Protein chains: 2
Amino acid sequence: MNKIKNDLFLKALKGESVDRPPVWMMRQAGRYLPEFMAIREKYDFFTRCQTPELAAEITVQPIRRYGMDAAILFSDILVIPQAMNIEVEMKPGLGPWLPNPIRSKKDVDATIVPDIHETLGYVMDAIKLTKEMLNDEIPLIGFAGSPWTILCYCVQGQGSKTFDKAKEFCFTNPVAAHTMLQKITDTTIAYLKEKVKSGVNAVQVFDSWGGMLSPKDYQEFSWQYINQIIEALKDDAPVIAFGKGCWFALGEMAKSNASALGVDWTITPQMARKLTGHKITLQGNFDPVRLLSPPSEIKTMVKQMIDAFGKDKYIVNLGHGILPHIPLENAGAFIEAVKEYKQ
Amino acid sequence: MNKIKNDLFLKALKGESVDRPPVWMMRQAGRYLPEFMAIREKYDFFTRCQTPELAAEITVQPIRRYGMDAAILFSDILVIPQAMNIEVEMKPGLGPWLPNPIRSKKDVDATIVPDIHETLGYVMDAIKLTKEMLNDEIPLIGFAGSPWTILCYCVQGQGSKTFDKAKEFCFTNPVAAHTMLQKITDTTIAYLKEKVKSGVNAVQVFDSWGGMLSPKDYQEFSWQYINQIIEALKDDAPVIAFGKGCWFALGEMAKSNASALGVDWTITPQMARKLTGHKITLQGNFDPVRLLSPPSEIKTMVKQMIDAFGKDKYIVNLGHGILPHIPLENAGAFIEAVKEYKQ
């Protein structure tokens, strides 16, 4: 693998000292960008994911405009259940829609651990193309959903405030639930390993719905599977584990071989450092809605956030994905504040 | 006020030692009960709230069936915006719907701090009737939404996963937001004081959406108003403050004059005790979806939960409202486990 010119992000993942922390934004290739909306008008969701030229172009769009310190491949966490033989649709206005949700052992048995090249080769092609376009200027991140978060959609069949059907499945049919979680884990490990082989420089596991579980249930139904992924990937590439609402597990997560942990905005930087023993690199945690504050306020808040986390072992990011209606100037102020950072 | 025969709940609120902790369930008067469904088929939502005979009957239904240690008056947090001159509808399948949400200073100025007797007299009548029916066997709890949670609905206009419009209003129009929060606070204080005069033995403030805010924004837009309510009510009745997802504020909340703090299931009892300095009475925190586990498992988990919180300075409850599809036997197992509790 070639040397990356701007290696701030990779240095932060290794815990090396930097002049300023690196910055990227979850969902930085997204609907707040007019150039993304132009592509979105012409091509539907799965066409964008499955056409390497489109996925690569979308991935580099925010880099061209703002010059973040890392790119993240445009894709979706639900390509995994799709590859496992579960039908996944995107309904405009509603989001993910799985017409035949997993509700029994029989449903679990009907899913497969797929051949990655056969089912997700288009992702690998998109990575190779993106790497060419990035020209080793900055690192490229690949990602996957956590097994628990994928299970949430597979069982619930759609987005939810509580994912109560997914939890009900785990609590009333734990054997089938664990079989399914293991199948998702095996698929995800093979998928992420292929992504690294294809050129991504780091991977992030998104546990968007881990925060719906009690600390004990989180260990049983989410963390043990994320940790399997970390253990399987640790010699291939740095792994970032992001659990939205999972502050309660940070102590356990910090003991793992993850290179960094993502945190959301409901925890202070001080508390996040304390719960993780001040050792591991942290990533986050600006409230995405706070990007609606005036740009000058955004800059002040970003400066305060970096001061609180400390410039080292820290990756500046939002606490969740950027929202569709964020003004371009405000997103720019967020990135600029990091680049202008001085202690 | 007459002496209450079963005073476990009141003792726990005072921090006095008890043989076993008291138990009640948030939303215990709700859709999982067939006797509630029978009333629901005949009368719409606001008729149930506004007819004292119906509200009182619904309030005592779960007590008759299970014998909880406290009743909570059947009502809704949205009677407050309604009384403040904001139109509130309940749409079947969607939930609360406010056709003219608050989006500007002008909208805020159009709201009123109402005369409680004129607008919410029906609640006081329901309390008096319920007290007669309860016959001083157990205490009666009155409740209100936190000003922030009420504002969430007033601005968003409906339920939401993120309440991003409510947050946007606070972040881009803080002066109008604070004016509105203060008007809600003033109304809520007058409302809860009247409730106590009418006979409730304790009040609970529900901050259902405080967990959407960063720790700093929580102090500014939620906690300071809850604390005003606590200060205004502390000499009238014990106040329980429940903030879903507000673990990060527990240290600050424990310093207040609240008699107890509610916690949700995403925090361990040990951590909740630690963050609150082992002093204040805590209430919670069984995962509502865990009531779908087999009854024998529920009983084991309840026993473990009481052991972990400790029997004193503790009120057994769920971490949020009971779900509509919980089997009657399972809800019963939860209550029984507490009554059978021995260290």
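In what order do the seven strands of the open sheet in chain A lie, and is the pairing parallel or antiparallel?

Reply: This is a predicted model, in which local features need pLDDT of at least 70 and side-chain atom pairs count only at pLDDT 80 or more, while totals for chains, interfaces and linings use all residues. Residues are numbered from 1 along each chain as its sequence is written, and chains are lettered from A and ligands numbered from 1 in the order in which they are written.

The open sheet of chain A has the order β1-β4-β5-β6-β7-β8-β9, with parallel pairing; strands (E, at least two residues) and helices (H or I, at least four) are DSSP runs numbered from the N terminus, and two strands pair if DSSP finds at least two bridges between them. At the edges stand β1 (71-72) and β9 (314-318) of chain A, and because each has a single partner strand, one side of each is left without a neighbour in the sheet.

Within the sheet, β6 (residues 239-243) and β7 (residues 260-262) of chain A pair in the parallel sense over three bridges, and A:Phe242 stands opposite A:Gly262 in β7(A).

Helices pack on this sheet as well. Helix α7 (residues 116-134) of chain A touches β1 and β4 (140-145) of chain A, and its direction makes about 150° with that of β4(A). Helix α11 (residues 215-233) of chain A touches β5 (202-207) and β6 of chain A, its direction making about 175° with that of β5(A). Here contact requires C-beta atoms, placed from the backbone, within 7 Å, and axes are lines fitted to C-alpha atoms, for helices over the stretch in contact, with angles from 0 to 180 degrees between N-to-C directions.

Key
Contact = placed C-beta atoms within 7 Å.
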